[in-house]
Amino acid sequence: MPGLLGIICRNDEGAHIDLAAEKMIHFPWLAARKFRLSETIALGVVFRMDRKRDYDWHYNSRRGAAALISGCVSLADPDPRVLSARAVLEEYLQKGHECWGQFEAGFLAAIVDLEKGRLFLSNDRIGTLPLYYARRAGAFAFASEAKGVFVQPGFEARLSSEGILNFLSSGYCYGSRTLFEGVEILEPGSVLSVRLDSLEVEKRHFWGIVYEPAERLRSRRYAEDALRDAILQGHRAVLAREPRRLSVLLSGGWDSRCMLAALEEIGRPADLAQSWGIDDSIEHSDAYLARELAARFGVPFSFYRHDTDTFIQNAHDWCYLTELANDNFGWFSEGAGALIDFYDRRTDLLLVGDEFWGAHGVAANEREARAESFPPTLPNHVATILRTPLARCAAESYEAAVASVTGRCENRDYSDRKDFYYFYIRAPRFLFSLGYYREWATPMARPFLANCVIEIVRRLPVRLRLWKNLYISTLRRHFPQALAVPVASVNSLPDWTRDLRCKEPLRSCMQKYLDFGRISRGKLGELIDRAQFERMRGEFFAQHVNPIRRAPSKKTALKKKILRSRQPWLQHLLRMNSRRSFASDHAADPMNLLRRIALLSMLQEQLGRLSRPDPIRSAAQQNAEALHGGTPAERSA
């Protein structure tokens, strides 16, 4: 996978990253390059062979310092431009990491300062790309995939009890926690400092979001103008990469449609729009409306059709590849095949509509503030299936994981805190990880998360962020063509709720991984009470479920109409009604919990594979090596 890797080794083994580089090359179009600074320090980068601009390297021999960049470091002001590794290193040498919050999203950076005796690892301020790291006696290793750490001598993949609890509760982990014992992930807007002699690690955040309403933005009209200008500037910022071929990942929802309108307005329309689902002929569905949006803007459209049937053939390998970064079942249905067959590798940049301009309504207390991004406390369904002695300490462990993020929030207003938690928990651990694995095929960018957009949104009063209030009125006023197509009101995704119970052999596959004999072979089995688990599993598979209704819902249509209106009293009623669903138990649906257990059971069986070199290379990889001469790591060294 495109990303960084490296090791500092203070013992006789020396620093070697060959195995780690090979471990992260999953497709024949990926390669690696290594940089050895001394016998004890080695860095590396994995990149697409036809896109060497995906990384940059510079060594300042006079200062004894080096910078390795994976992704794209750019500045938007005064003119959008991409910075070289040399410019990034000069910035560090002059100011340290004091001004790194000015860089646009989409990069990882490693800086080795031999004079100070330190390695610095950092990401962008919203944490779009993952970086795992771990330390053992005499060695510190890091990589964009955990398996790039585990393959190093002396490191081993073991599941963490705390990580399992996070995953069972939300489908992802919080803060710097991961599913693996002794392994952490770099949090958004962070710098990790590692001493080259003692391997002592220090962490600090160089940027954090604080919601501070600006007086001038209390005027809706002024705020609409400001958001419109920021949206356009955000698109110009990501286009600093000068893509020759530009694609947009498009749905029929509120957000991604604005990318088509913004690109048209700045004179750089998309070359392709891409969407996905079970069928793009279902009227009023995401995929159906995405096709209509693309047609209105004159953009060619490509649709990826997938169903639950492909889960069985894809799930095992996809679990290994992604290391369960989150539990999204659509991943396991699409699998690596989507990256090979659907995402156009000729595309220089794929834009996605990830945003944070305000989801849902008012939060009246801390529990409601948390509930939109994660269960406020350890969910009852999770506590129920844990072995009795573990239940109390599990609740305390869960609260500690939550507190590692909530403690960073400086705002006191509960709706501000709600949006903060979405920004620091839901976005990096769910949204960004979904996007990151698409980067195997094509680079991605998020214009709605450009610094200029973030700065406007964080200065908005709460009332303009509720239900994407200001964003929708900005579309109405400045991008009316984007609102000409209605918002999706019909589900076009696979019917997992029913198919997991009713469709063979999918049902048998799930039951195989939910067999307690299988679960009990690892850490997962140490946590789960067999009787309670088997009761829940039996009730789930015995339950009759009707198919998803693939027709417009009057209730959904009314809600969308209210959101598009500017009548405060209507939106107030919607907010009051939504309060009933706030702070709900996110694991109340047993399917959520059982599918997470099945995925963990699948991962548990592959821990040994994560820790050892791949003994057999695929036929595709061997053919690519024959064509290009040597392994990817060898030909790029």
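Student: What should I keep in mind before I start reading?

Tutor: This is a predicted model, in which local features need pLDDT of at least 70 and side-chain atom pairs count only at pLDDT 80 or more, while totals for chains, interfaces and linings use all residues. Residues are numbered from 1 along each chain as its sequence is written, and side-chain values use heavy atoms, with hydrogens and water left out.

Student: How many helices and strands are there in the chain, and what percentage of its residues is buried?

Tutor: Helices (H or I, at least four residues) and strands (E, at least two) are DSSP runs numbered from the N terminus, and the chain has 28 helices and 19 strands. Buried means under 20% relative accessible area, exposed over 50%, and partly exposed in between, with a 1.4 Å probe and protein chains only; of the 637 residues, 60% are buried. If contact means heavy atoms within 4.5 Å, then among contacts between residues at least 6 apart in sequence, 74% join residues at least 24 apart.

Student: In what order do the strands of the open sheet lie?

Tutor: Two strands pair if DSSP finds at least two bridges between them, and on that basis five strands form an open sheet in the order E17-E16-E15-E18-E19, with parallel pairing. Its edge strands, each pairing on one side only, are E17 (301-305) and E19 (444-445). Strand E15 (residues 246-249) pairs in the parallel sense over three bridges with E18 (residues 349-351), and likewise over three bridges with E16 (residues 272-277). Ser247 stands opposite Leu350 in E18 and opposite Leu272 in E16. Five bridges join E16 to E17, again in parallel, and there Ala273 has Phe301 as its bridge partner.

Student: Which way do the side chains of E15 point?

Tutor: In a regular strand the side chains alternate between the two faces of the sheet. Here Leu246 and Val248 point one way from E15, Ser247 and Leu249 point the other way, and all are buried.

Student: What unit do E15, H6 and E16 make?

Tutor: A crossover is right-handed if, with the strands pointing away from the viewer, the path from the first strand over the helix to the second runs clockwise. E15, helix H6 (residues 257-265) and E16 make a right-handed β-α-β unit.

Student: Is Val299 buried or exposed, and which residues does it contact beyond its sequence neighbours?

Tutor: Val299 lies in the loop between helix H7 (286-296) and E17, and its relative accessibility of 8% is why it counts as buried. Leaving aside neighbours within four places in sequence, Val299 is in contact with Leu260, Ala270, Asp271, Leu272, Ala273 and Ala294. Val299 and Leu260 are 39 residues apart in sequence, yet their C-alpha atoms are 8.6 Å apart in space.

Student: At what angle do H4 and H12 pack?

Tutor: Axes are lines fitted to C-alpha atoms, for helices over the stretch in contact, and angles run from 0 to 180 degrees between N-to-C directions. Helix H4 (residues 161-170) and helix H12 (residues 391-406) pack at about 80°, with axes 10 Å apart. Angles under 35 degrees count as roughly parallel, over 145 as roughly antiparallel, 65 to 115 as roughly perpendicular and the rest as oblique, and H4 and H12 are therefore roughly perpendicular to each other. Glu162, Leu165, Asn166, Ser169 and Ser170 in H4 meet Ala394, Ser397, Tyr398 and Ala401 in H12.
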